[in-house]
Amino acid sequence: MANWHQLRKRVHLVCFLIFLALPFLDIIRADIPRQRFYFFGVELWINEFAIIFLALMFLMFLVIACSVFYGRVYCGYLCPQMIFSEASVWVETWIRRRVTKKFGKRDGLSRALFYAVVAAGSVFLAFVFISYFVEPRDLFRRLVSFDIHTAAGISGVAVTILTFLDFSLVRQKFCTTVCPYGYLQGMLGDGNTLLVHYRDESRACIECKKCVRVCPMGIDIRESPFQIECIHCGECIDACDEVLARLHKPGLIHYTWGERGERLSDTTPRPWYRRVGLRDAKRVVVLGVLTCYAAGLTVAFSMRHAVLVQIAPVRATLYRVDESGRVFNRFRYSIANRSHRPSAVIFTIRQLPEATLALDGNPVRVAPGGTTQGEFEISTPPKSQSELVRHFTIETSTIPDQVRDTFPMTFLAPAERQKP
Ligand code: SF4
Ligand code: SF4
């Protein structure tokens, strides 16, 4: 007999720890003040749109795939709103019981203590939540200096108040009034999606209503498996199993693959892909798209350079000729060091013999997380060029990574320099 309640509480604890760790370990954070996006420890700059887009699409499709395969397993097992709502209900009940045991029934005292605990918890949760958007050490400095004047400080106060109201008053009502995910699930789910289903062909239900009493959403699963409130948590399954076990009967509520499909606990031998929910072409397509996004993201990360160099010709004037007849072409460069250590970039010319590159400080040094830009000139000696346009390459090499990059360029010279 599965114990879904115990499994859920363990998953909730793991999710809570992950919720805390994600922004602090830079696994996921959209750092608004610094305009950076952190994804699994990699610091992405806001102009790395392709990778950020792929990362967001991957996460979105992961949620969609999860909903198509396993219904509202996210709501019941992984959602922070549900985890903290249930924790808040548990804390409220625990305080009321302790107060009643010690002082007799004192509703006012119980509520005051409960609000005090939720207030302290709200400051902590708001801090973690805002850490997804502001660097945690910076945020902590603002918190201890009671910064309530800047935009970040005002947002912090607002999030703390909303968190307090959410977990003291709203709690699970949020899922059926504000959150769109439940409605979205109605569109994503189909006849093969995992759901919680009441089946009583032998009319064994004893009407004890324990399944209703334990339901965190306060519904009766016997009415329909498609109620918008049902988060597929499985608490009613445990309750019914426990009640009917005393009568030596199996429970009447189960996780099933759709309304008509077999039970999750069914032990009839089946191919592994059917057991994990890969049951039709739609799911193969969803998994295929998810794999494509994961592959695209992996390729984008592997092609990413920690030091990004960009070079473009300055064509406001095509070229410049000095009094000795030497021809100059001007180029503009920009370097972004997206790593955490100092870097430098060496510029070299290829396929343009006799040309010289005039750049102050070659290699160009860039501080960690810094950017620099500037211009340089490439020149060729008088009468060295027979064509108007010559194609050549500027090569860059980074220190210390030794990553090379090449930039195809053209060198322009005046028409009168052409040899007859
Ligand atoms: S009906 Fe059952 S599965 Fe649905 S929310 Fe209530 S307890 Fe959870
Ligand atoms: S817990 Fe089981 S037996 Fe009791 S009312 Fe619910 S479905 Fe019927």
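**Entry 1**

I started with Trp90, which counts as exposed at 56% relative accessibility. My cut-offs are these: buried is under 20% relative accessible area, exposed is over 50%, and partly exposed is in between, with a 1.4 Å probe and protein chains only. I kept in mind that this is a predicted model, where local features need pLDDT of at least 70, side-chain atom pairs count only at pLDDT 80 or more, and totals for chains, interfaces and linings use all residues. I also noted that residues are numbered from 1 along each chain as its sequence is written, that chains are lettered from A and ligands numbered from 1 in the order in which they are written, and that side-chain values use heavy atoms, with hydrogens and water left out.

Next I checked Trp94, and it came out partly exposed, with a relative accessible area of 45%. Trp90 and Trp94 are four residues apart in helix 4, so about one helical turn separates them. Helices here are DSSP runs of H or I with at least four residues, strands are runs of E with at least two, and both are numbered from the N terminus.

**Entry 1: aromatic rings**

I then counted the aromatic pairs and got 24. For the record, rings of Phe, Tyr and Trp (its six-membered ring) pair if their centres lie within 6.5 Å; planes under 30 degrees apart are stacked, over 60 edge-to-face, and the rest tilted. I looked up Phe16 and Phe84, which pair edge-to-face, at 5.8 Å centre to centre and 85° between the planes. Phe16 is in helix 1 (residues 4-24) and Phe84 in helix 4 (residues 80-103), so this pair ties together parts that are 68 residues apart in sequence. Back at the two tryptophans, I found ring centres 6.3 Å apart and planes at 15°, so Trp90 and Trp94 are a stacked pair.

**Entry 2: Ser88**

Staying in helix 4, I looked at Ser88. Ser88 counts as buried, at 6% relative accessibility.

**Entry 3: salt bridges**

How many salt bridges does the structure hold? I got 29, taking a salt bridge as a side-chain nitrogen of Lys or Arg within 4 Å of a carboxyl oxygen of Asp or Glu. I began with Lys9 and Glu86, whose closest N and O atoms are 2.7 Å apart. Lys9 lies in helix 1 and Glu86 in helix 4, so that bridge ties together parts 77 residues apart in sequence. Lys9 is partly exposed at 31%, but Glu86 is buried at 11%.

Then I took Arg111 and Glu92, with closest N and O atoms 2.7 Å apart. Arg111 sits in helix 5 (residues 107-130) and Glu92 in helix 4, so the parts tied together are 19 residues apart in sequence. Arg111 is partly exposed at 33%; Glu92 is buried at 12%.

I wrote down one more pair, Asp266 with Arg270, at 3.8 Å between the closest N and O atoms. Both partners turned out partly exposed, Asp266 at 25% and Arg270 at 28%.

I count a charge as over a ring if NZ of Lys or CZ of Arg is within 6 Å of the ring centre and within 35 degrees of the ring normal. I noted Arg283 too, its charged end sitting over the ring of Phe69 at 6.0 Å from the centre.

**Entry 4: ligand 1**

I listed 13 residues around ligand 1, each with a heavy atom within 4 Å of it. The closest are Cys215, Cys230, Cys233, Gly234 and Cys236.

**Entry 5: Glu354**

Last, I looked up Glu354, in the loop between strand 9 (343-350) and strand 10 (356-358). Glu354 is exposed, at 54% relative accessibility.
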